[in-house]
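The following exercises are to be worked through with the sequence and the model at hand. Each task is followed by a stepwise solution.

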Protein chains: 2
Amino acid sequence: MATTQRSEDYQKVSEEPHKNVIKNPYGPNPGDYLSNVTSFKIIESTLREGEQFANAFFTTEKKIEIAKALDDFGADYIEVTSPCASEQCRKDCEAICNLGLRAKILTHIKCDMEAAKIAVDTGVDGVDIVIGASKYLRQHPHGKDMSYIAKAAIDVIEFIKSKGIEIRFSSEDSFRSNIVDLLNIYKSVNKIGVTRVGIADTVGCANPRQVYELVKTLKSVVSCDIECHFHNDTGCAIANSYTALEAGAKLVDVSVLGIGERNGITPLGGFMARMIAADREYVLSKYKLHKLRNLESLVADAVEVNIPFNNPITGFCAFTHKAGVHAKAMLANPHTYEILNPSDFGLSRYIQFASRLTGWNAIKARVEQLNLDLTDDQIKNVTGKIKKLGDVRALNIDDVDSIIKNYHADVHTPQVKPANGPSIPDKDEVLLDSVKKPRID
Amino acid sequence: MATTQRSEDYQKVSEEPHKNVIKNPYGPNPGDYLSNVTSFKIIESTLREGEQFANAFFTTEKKIEIAKALDDFGADYIEVTSPCASEQCRKDCEAICNLGLRAKILTHIKCDMEAAKIAVDTGVDGVDIVIGASKYLRQHPHGKDMSYIAKAAIDVIEFIKSKGIEIRFSSEDSFRSNIVDLLNIYKSVNKIGVTRVGIADTVGCANPRQVYELVKTLKSVVSCDIECHFHNDTGCAIANSYTALEAGAKLVDVSVLGIGERNGITPLGGFMARMIAADREYVLSKYKLHKLRNLESLVADAVEVNIPFNNPITGFCAFTHKAGVHAKAMLANPHTYEILNPSDFGLSRYIQFASRLTGWNAIKARVEQLNLDLTDDQIKNVTGKIKKLGDVRALNIDDVDSIIKNYHADVHTPQVKPANGPSIPDKDEVLLDSVKKPRID
């Protein structure tokens, strides 16, 4: 016989809702106590790293135009090429400092006292110094050993600090460096009081969990902010940047379209896509996302490249939904297959219904847009005709609209059978002359 | 007074080298016991996911050409559009099955018995079934509740299994699904004996550490292989794929250039870049990387897009080094700034020395290529001239070569000063007429 259970046999469960429930499954992980996912800053380096892009040659006027656009977008910092690179680079750096932008202007130099003096004289708000620390880079480009690195860095840092401006110390190729050497030198420069330290994946090969470990370890050694710089040779720059923020980094280096050495660094647009998914409110409060497309066009034109077809956000099909089941769901609720809202970027969503993969829900929506009156069965019928033509060749919207309109005319016109007259061709067949699609870049 | 220390005061340290030393800092993490970073497989989905790309319309002939090229490249599996999508799609699926390729042919269907029967009849080596599991997808596209999902899935799986071919069960939008529901259903389908289970980031927003956690948890629940499918809306598809392998996933869905719904999925080329950095030997033993460029061109032409300028590996500047310090180091040792070896892909490295960011080491290398004889001081001098012109406008190789050759002629020709004759213009200035650079796509 079953025993009657009494409510007091069970432990009481509080009815209060959990306070730490994550509403956004893509939001910051509450286990990352040091995370800056909701408080990051960007160091926009189109005018420094971007100038190292194979195709880049920026005139002074173009640099000023880009700097103003970056400032308007909301860049926290704008980094420009070393004034030691050439005489014009020095003048350009001064000119950008004199624009009176809201963004802070940084320049990026080798760890060298002469370079530091020239940099400080341009009027920048801060100097980013960099030195090679991995065994590869110690052997080759700068040719310095670790104790020399530490000594030279300290002199340069103290000089820049004495000028009352920001100073960042970064190693190059941090992920192939000896971790003990690396932490030692960061600890030393932190003690002298640098504004921030930087880590750089100069060859573009770090992976996210490696990044998390290194940044977390570094965070336990320094009290200043951590900046990170990721090249994109193996396609992980955006993910690595995000993971660095989770581990406690505060600043991320980006450039418009990611332009830089080789195939570049973390792209501004893709990074914005990543971050808006994590904290929409923060991103919208700081950055004018609807200016992203113009900013990308400005830079793409300046360096003579096209926006990649698959670019995050601004790629021509970033918000285009095609398969029948996707289209159906998107029409019911855009969140189903979309984590980004195109209107945040001043862009529109598009349902690509002109293909053999279309479904009757997508065609129904189009019938309604065309203000035509068809039953569901009729729509399923006309969808079959569209898919049939879509099996023969690529379709465009005009094709689909014609099929729908012809079908609509047929079902709403009293049938008159021509007696012995010439046979009227099936209206679908009229559409079979190929329509050239424009090549999309 | 110091006590004399005897060797027996200390614990003996074995002199044997550590067996688990990681030689490649970017290689697999020995802490990931379940990692498949060195034993992964690819499911190439250009002919399924790729057909959902806005621009895609593949004729039967083009599908066959692409399937053969994918097979030749070394794809483990080739996934094709559901035979239920249209009559021609069904015929194309059969045609590809009949090619007798080494790669296994899969098709991808909704979890539905009618669809399963049609799929099995095409002669595929396996069927991938998918069902929406997140609350968004449960409300909208398929409209099923969890118990219905489980029941329907089991019937379909048992039917496909009875035909002796591979069967994969995947949820859609796995990262927004209820984890308990998700694990329950995976556990059930594993028990019936599916070949593998799949997780899919259908909206393209998962981040790497999330992926690691989910795959690792799933790995503890199922004994079959795990496949993963990542969309690239927030630029993390490659990193997420890598991290999934670290956590124990075995198979990654890719497509050529990443083409698919919206801005697509993990791109084959970028994924190869990521994986060769982790285990070069494995990747070279399985995939014909030197065929990557032609494969990408084939697909790019078929869907009428250009290879993105910043594409991993095949982007026009993926192996181009520009800044002076980079060029100097690369000339001494290519590993300094390069983790990928362009010759693995049948491609070449390029030092971009024609800009104001150039350095004298890069120019020295060019002088040697030109078979000219200049001292280091002379090379530093001519480098100054090149940087000066580079401050005025974009340079190309011809510009630099002319400056070098003119300088060389000058220093090797006895000076003859024209007496009262017309002044000879500085040879650098002759070069100032702008040279049009081709637009690079």
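**Exercise 1.** Determine which backbone atom the side chain of Asn232(A) reaches, and at what distance.

*Solution.* Step 1: the side chain of Asn232(A) reaches the backbone nitrogen of Cys236(A) at 3.2 Å. A polar contact is a pair of N or O atoms within 3.5 Å; within protein, one must be able to donate a hydrogen and the other to accept it, and residues adjacent in sequence count only if both atoms are side-chain atoms.

Step 1: Asn232(A) is found in the loop between strand E7 (225–230) and helix H8 (237–247) of chain A; helices (H or I, at least four residues) and strands (E, at least two) are DSSP runs, numbered from the N terminus.

Step 2: Asn232(A) counts as buried because its relative accessibility is 17%. Buried means under 20% relative accessible area, exposed over 50%, and partly exposed in between (1.4 Å probe, protein chains only).

Step 3: leaving aside residues up to four places away in sequence, Asn232(A) touches Gly204(A), Ala237(A), Asn263(A), Gly264(A) and Ile265(A), where contact means heavy atoms within 4.5 Å.

*Note on the model.* This is a predicted model, in which local features need pLDDT of at least 70 and side-chain atom pairs count only at pLDDT 80 or more, while totals for chains, interfaces and linings use all residues. Residues are numbered from 1 along each chain as its sequence is written, chains are lettered from A and ligands numbered from 1 in the order in which they are written, and side-chain values use heavy atoms, with hydrogens and water left out.

**Exercise 2.** Identify the buried residues of helix H2 (residues 87–97) of chain A and what they pack against.

*Solution.* Step 1: the buried residues of H2(A) are Cys89(A), Asp92(A), Cys93(A), Ile96(A) and Cys97(A). Step 2: these residues lie on the same side of H2(A), because they cover an arc of only 135 degrees around the axis; the arc is that of the directions from the helix axis to the C-beta atoms.

Step 1: recall that an α-helix has 3.6 residues a turn, so residues three or four places apart point the same way.

Step 2: within chain A, the buried residues of H2(A) pack against helix H1 (60–73), strand E2 (77–80) and strand E3 (104–110). Helix H14 (376–392) of chain B is also among their packing partners.

**Exercise 3.** Which kind of aromatic pair do Phe73(A) and Tyr287(A) form?

*Solution.* Step 1: the structure holds 16 aromatic pairs over all chains. Rings of Phe, Tyr and Trp (its six-membered ring) pair if their centres lie within 6.5 Å; planes under 30 degrees apart count as stacked, over 60 as edge-to-face and the rest as tilted.

Step 1: Phe73(A) and Tyr287(A) are stacked, at 5.9 Å centre to centre and with 25 degrees between the planes. Step 3: Phe73(A) lies in helix H1 of chain A and Tyr287(A) in the loop between helix H10 (280–286) and helix H11 (292–302), so the pair ties together parts that are 214 residues apart in sequence. Both Phe73(A) and Tyr287(A) are buried.

Step 2: Phe73(A) and Tyr287(A) belong to one aromatic cluster with Phe40(A), Phe271(A) and Tyr282(A).
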